[in-house]
Amino acid sequence: MRDFTNLFIALDETNKTNEKVAAMKRYLESATPADAAWAIYFLTGRKPKQLMQIPKLVSLAIAAAGLPDWLFAESYDATGDMAETIALLLPESTKSTNQSLSEWVENRLLPLRGATEQAQYEAVLSAWEELNESQRFIWNKLLTGAFRVGVSQQLVIRALSQVSNLEPAVVAHRLMGTWEPTPEFYTRLVAPETDDADISRPYPFYLAYPFESEPESLGDVHEWQAEWKWDGIRSQLIRRGGQSFIWSRGEELISERFPELIEESNILPNGTVIDGEILPWKEANVLPFSQLQMRIGRKNVSKKMMEDVPVIIMAYDLLEFEGVDIRDRPLSERRELLERLLRGLSCSADPQQMTLTERDLSAPSCQRISTRFRISPTVEVDSWEAMAEARGNARTLNVEGLMLKRLSSPYKVGRQRGDWWKWKVNPFTMDAVLIYAQRGSGKRSTWYTDYTFGIWDNGKLVPVAKAYSGLTDEEIRQVDLFVRQNTLEKFGPVRTVKPELVFELAFEGIAKSTRHKSGIAVRFPRMLRWRQDKPADEADTLETVAALLDSQNNS
Amino acid sequence: MAAQELVKLTDAGLYCEAGDFYIDPWRPVGRAIITHAHSDHARPGNTHYLAAEPGIKLLETRLEPGSSIQTVPYGEQLTVKGVKVSLHSAGHVLGSAQVRIEKDGEIWVISGDYKIEPDATCAPFELVRCHTFITESTFGLPIFRWRPQEEIFDEINNWWRGNKEAGKASVLFGYALGKAQRILSGVDAEIGPIYTHGAVERLNAAYRASGVDLPDTTYAATMPRGTKYSGSLIVAPPSAQATPWMRTFGTVSTAFASGWMRIRGTRRAKAIDRGFVLSDHADWAALNHVIRETGADHVIVTHGYAAEMVRWLNEKGIRASSFSTEFEGEREELQPARTESDTNEDETDSPESTPAESKQESNIVERFL
């Protein structure tokens, strides 16, 4: 626990990635495999199932600190971090621990789950008693399951790669999926070779960078494969050993949310891994993302839900074929295998007849072994001008733009530049008025950075979007000051402010919504710029914004 | 309420009607008592100023040349239109003062900014008993708990030594007025050379001219190109972060000294390597201690976590309310890292305009009283 706390402090005390990697390497080299396994587990953002209810922890901390509830709440508001707030408010500590991380986790932390309230209280109080302020913070972080320390998975992988002399991609793959943080696991993780194939283990996703320059800079258009950028859940479908698994990009096992896909995947041969997008789909059309969202929000997928919002996988890529990892083969080859596998002929869209959803996806050439597994259609053009034109049609097809992938590219790990680009259509915009503000969390916890915006509807402002990003630090500072000086009302952490500031918001899509007062929901809203030139009464109206609904194909 | 209201809040600032003067006004007025030289308290544009004697040279760097400034030693009582006025050390920065106002036996004290921990660069805080205490509350939450400055200086020295061993320069950001000099007075100057940003050097000169002992410092801009800074300490205002000026120093470790560094989020928002919890304001315990010991039966909170402090005091049975002022406390230290373009004019890297020695005579001609 002491060494792990010191590792945390070292990671927290530098902004330089090389120093962070070096600190992790030092820790891993001196830690026991048991400690290293837990360290990797927490550093990669994994967490045990809830150990103790947060409100119980809070009331215990309040009692220990001897403060009124509201003052604890204000303190939390100022730090934006529960574990930190508790560590800062507890009476000063006089002790610290030398016991190892694994001992603390296995003997002190994990037994909290399912213990009686009294036992939990006593265990947590005695833990606080034995730890110094930094250690208390770490303990609280582990306890609240919110251990994020500003190191990315990539950096952990780099450190492990240096410790083990393995390629980062190998380490990344071994870290995927579910695993138990045991000494054996860690030993296998850094071993030169292992044969412990866990059949559910997904491959790391390859992610595209946004494309922001001129397409001509990419060279010959024929060296590229263009596909539509679908708006769904990026997933991996794995078929191995007679079982199927679906993983989301966030490494969450989501098989249970999509029983019809799992069932249908029986037809795939063992040793198959498909990278694709889960989309809500009816007949020949993709449905708005909000419908899929509604479906994944439910704990149990009802029959009615499956009928109302049927899903498909739009297959992008084939990562494993006949049990062999084929990620280093060129995209053109993987694509051919994917098409062969899903028994399709090449399924392409003619940009001259931009009715892709209607024609091409239901065309006989696109019929495959299953209507639930579709091959992502490619956009076949002979010039970048034609490509740009195709991109311009994205909105009517209910896609976000184009994906450009170099035909010779291997399937890489993580977000990398060069071979894969996402070339989105320009976003929608509206001018909206700042009406509510709330402090951010983490490093934005002392600033009002989380805003709700309204647009006019019959002389009143109705909330239409929340946005957190897009302003410069200097602008944040100015808006923060405005919020403090122009608060009309306070509701807990939320302040109602004088409706004066106008911001241009960008968003990717718009859909009807019964859950929002305005009747519309916008997708990925963010602040494009602060319209200091515009008075509030010239902001957009609900009428003009709702009219954007028609520009999309919301059938 | 039998007691009279000696100070009230106006659009221009805190105003004593009976004596017809303001305390740290934010709009130009006829007569202003200035508690200390920080820019949110000492604003130019007033006709006459009154301030504590030890801070005169600092104040002169802040106000326009030729301003009519009268000074008074700590504790010396003046009578302004029948109101007794005296200034008492606030322990915040050199020359910082609390303002004690007495009329017909009723005593009010306006704290300005204060801390009670000793500071080698200024006089210690003096506790002044009063009926109404107008206090700051910059760090008025129980999460703000300072450790003894000796421990913090040890941390700073260890950081500096570690950087020196790693061949790096150590750039430490802190307020140019007060914090920078307190840091200089506390670091171990044996470790290596100390360089300064112009804004700091200008105020170092004012501190030295006021008789405060500081280790030797060199204004970095006077060094020839190609100077090696590894192993040295560079003290600079927060606004110098992310300016081209920083490129001069090669490989650096950056740090920030402020009470806000107690919160991890603010430390991370600054994009610095280290945060040292060193403040020139009272922490939660000290605020409570001072408020209690003044014996005041009414407390008015001016800035910082004001609503929180007011509620806390009222629940403790101390009548409290707030004045909504334009004082910022250390809030401006909270700013996220700035971009290169918006360096504060006040903190440009130029040591010019050292304290004006001229215009002293005008103080004699136009007096505050």
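Predicted model: local features only at pLDDT ≥ 70, side-chain atom pairs only at ≥ 80, totals over all residues.
Two helix pairs in chain A show how its helices cross. The axes of helix 1 (residues 2-12) of chain A and helix 9 (residues 133-144) of chain A come within 10 Å, and the crossing is at roughly 90°. Helix 1 of chain A and helix 9 of chain A are therefore roughly perpendicular to each other. On the side of helix 1 of chain A, the residues that take part are A:F4, A:T5, A:F8 and A:I9, and they meet A:S134, A:Q135 and A:I138 in helix 9 of chain A. By class, this contact of helix 1 with helix 9 of chain A comprises 4 nonpolar and 3 polar residues, with no charged ones.

The second pair is formed by helix 3 (residues 33-43) and helix 7 (residues 101-109) of chain A, whose axes lie 8 Å apart at an angle of about 75°. That angle makes helix 3 of chain A roughly perpendicular to helix 7 of chain A. Here A:A34, A:D35, A:W38 and A:A39 in helix 3 of chain A meet A:L101, A:S102 and A:V105 in helix 7 of chain A. The contact of helix 3 with helix 7 of chain A has 5 nonpolar residues, 1 polar residue and 1 charged residue.

Further along chain A, helix 16 (residues 331-341) has a set of buried residues: A:L331, A:R334, A:R335, A:L338 and A:L341. They lie on the same side of helix 16 of chain A, because they cover an arc of only 125° around the axis.

The loop between strand 8 and strand 9 (324-325) of chain A holds A:G323. A:G323 counts as partly exposed because it has 13 C-beta neighbours inside 10 Å. Apart from neighbours within four places in sequence, A:G323 is in contact with A:N270 and A:G271. From A:R257, by contrast, A:G323 is separated by 66 residues in sequence and by 26 Å in space, C-alpha to C-alpha.

Chain B contains 8 helices and 19 strands. Of its 369 residues, 53% count as buried. Among contacts in chain B between residues at least 6 apart in sequence, 62% join residues at least 24 apart. One open sheet of chain B has 6 strands in the order 1-2-3-4-5-6, with mixed pairing. Its edge strands, strand 1 (8-10) and strand 6 (68-72) of chain B, each pair on one side only. On average, neighbouring strands of this sheet are turned by 35° against each other, direction ignored. Within the sheet, strand 2 (residues 13-16) and strand 3 (residues 21-23) of chain B run antiparallel and are joined by 3 bridges. B:L14 has B:I23 in strand 3 of chain B as its bridge partner.

Technical notes
Residues numbered from 1 in each chain as written. Chains lettered and ligands numbered in written order. Axes fitted to C-alpha atoms, helices over the stretch in contact; angles between N-to-C directions. Helix = DSSP H or I, 4+ residues; strand = E, 2+ residues; numbered from the N terminus. Parallel < 35°, antiparallel > 145°, perpendicular 65-115°, else oblique. Contact = placed C-beta atoms within 7 Å. Nonpolar A, V, L, I, M, F, W, Y, C, P; charged D, E, K, R; others polar. Buried ≥ 20, exposed ≤ 12 C-beta atoms within 10 Å, placed from the backbone. Arc of directions from axis to C-beta. Pairing = 2+ DSSP bridges.
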